[in-house]
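Have the sequence and the 3D view open while you read.

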Amino acid sequence: MLKAVKARSDQEAPIEVSWNGSKAKIMLDNQKGDSHILLPIPFEKGWTAKRNGEKTPILQANYAFTGIELGNGKNEIELTYYPPYFWPSVGISILSILFSVYWNRRKKKRLQRQPFNNFGCDL
């Protein structure tokens, strides 16, 4: 049985996969006319996919994995992952930094305007 599976596997076009940080690129030739590809990546929020340069939906496959619809012929699939709420978190962080810089400058200007009094009494 394993020899039959190996022989069938040798006849299929290879699938090229490359990972770079939070991005994966999959190149495959869909000679059989399969409708979908099942990826051993857990299905979760944060994934986006492009098939042949066009945005395509990520599907939940086999209850827990990621599936993507295939086209006939060559398919170039690009997957990108950002944690859920990544961009809103970045925005809030930038606003917080800007506010703290503003607040510190304002406080510094107030201290420069007030005369220095060592004794705690008015001059």
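Let's start with the contacts. Residues 24 or more positions apart account for 58% of the contacts in the protein with a separation of 6 or more, where contact means heavy atoms within 4.5 Å. This is a predicted model, with local features needing pLDDT of at least 70 and side-chain atom pairs counting only at pLDDT 80 or more, while totals for chains, interfaces and linings use all residues. Residues are numbered from 1 along each chain as its sequence is written, and side-chain values use heavy atoms, leaving out hydrogens and water.

**Overall layout**

The secondary structure comes to two helices and eight strands, arranged along the sequence as α-β-β-β-β-β-β-β-β-α. Helices (H or I, at least four residues) and strands (E, at least two) are DSSP runs, numbered from the N terminus. Of the 123 residues in the protein, 17% are buried. Buried here means under 20% relative accessible area, exposed means over 50%, and partly exposed is in between (1.4 Å probe, protein chains only). The protein exposes about 10,400 Å², with carbon and sulfur atoms supplying 58% of that area. Accessible areas come from the Shrake-Rupley method with a 1.4 Å probe, and for residues only the protein chains shown count as cover.

How far apart are the end C-alpha atoms of helix α2? They are 41 Å apart, which agrees with the 40 Å that the 28 residues of α2 (residues 86-113) should span at 1.5 Å a residue. The expected span is 1.5 Å times one less than the number of residues in the helix. Helix α2 is also hardly covered, as the count of buried residues among its 28 residues is zero.

**The core and the strands around it**

The largest nonpolar core has 13 residues, and I26, L28, I37, L39, I68, I77 and L79 are the ones that touch the most other members. Strands β2 (23-30), β3 (36-42), β4 (47-51) and β8 each supply at least two residues of this core. A nonpolar core is a set of buried Ala, Val, Leu, Ile, Met, Phe, Trp, Tyr and Cys residues joined through side-chain atoms within 4.5 Å. Leaving out residues up to four places away in sequence, L28 touches I15, I37, L70, G73, K74, N75 and I77.

Next, look at W47 in strand β4. W47 counts as buried at 15% relative accessibility. Not counting residues up to four places away in sequence, W47 touches W19, I41, P42, I58, L79, T80 and Y81. The C-alpha atoms of W47 and T66 are separated by 9.3 Å, and the two residues are 19 residues apart along the chain.

Beyond its neighbours within four places in sequence, T80 is in contact with S22, K23, G46, W47 and T48.

**Strand β1 and the surface**

W19 lies in strand β1 (residues 16-20) and is exposed, with a relative accessible area of 53%. Together, I15, V17 and W19 make a nonpolar surface patch of about 340 Å². Patches are made of residues with over 30% relative accessible area and no salt bridge; like charges are joined within 9 Å, and nonpolar side chains (Val, Leu, Ile, Met, Phe, Trp, Tyr) within 5 Å.

S18 is in strand β1 as well, and S18 touches K23, A24 and K25 when residues up to four places away in sequence are not counted.

Which residue forms a salt bridge with K25? The partner is E76, and the closest N and O atoms are 3.5 Å apart. This pair links distant parts of the chain, with K25 in strand β2 and E76 in strand β8, 51 residues apart. The structure holds one salt bridge, defined as a side-chain nitrogen of Lys or Arg within 4 Å of a carboxyl oxygen of Asp or Glu.

Here is how the accessibility of some residues lines up.

| Residue | Relative accessible area | Class |
|---|---|---|
| K25 | 36% | partly exposed |
| E76 | 26% | partly exposed |
| S18 | 38% | partly exposed |
| N62 | 55% | exposed |
| Y63 | 80% | exposed |

Most residues other than glycine have a negative phi. N62, not a glycine, has a positive phi of about 50 degrees, and N62 lies in the loop between β6 (59-61) and β7 (65-69). Y63, in the loop between β6 and β7, has a positive phi of about 70 degrees although it is not a glycine.
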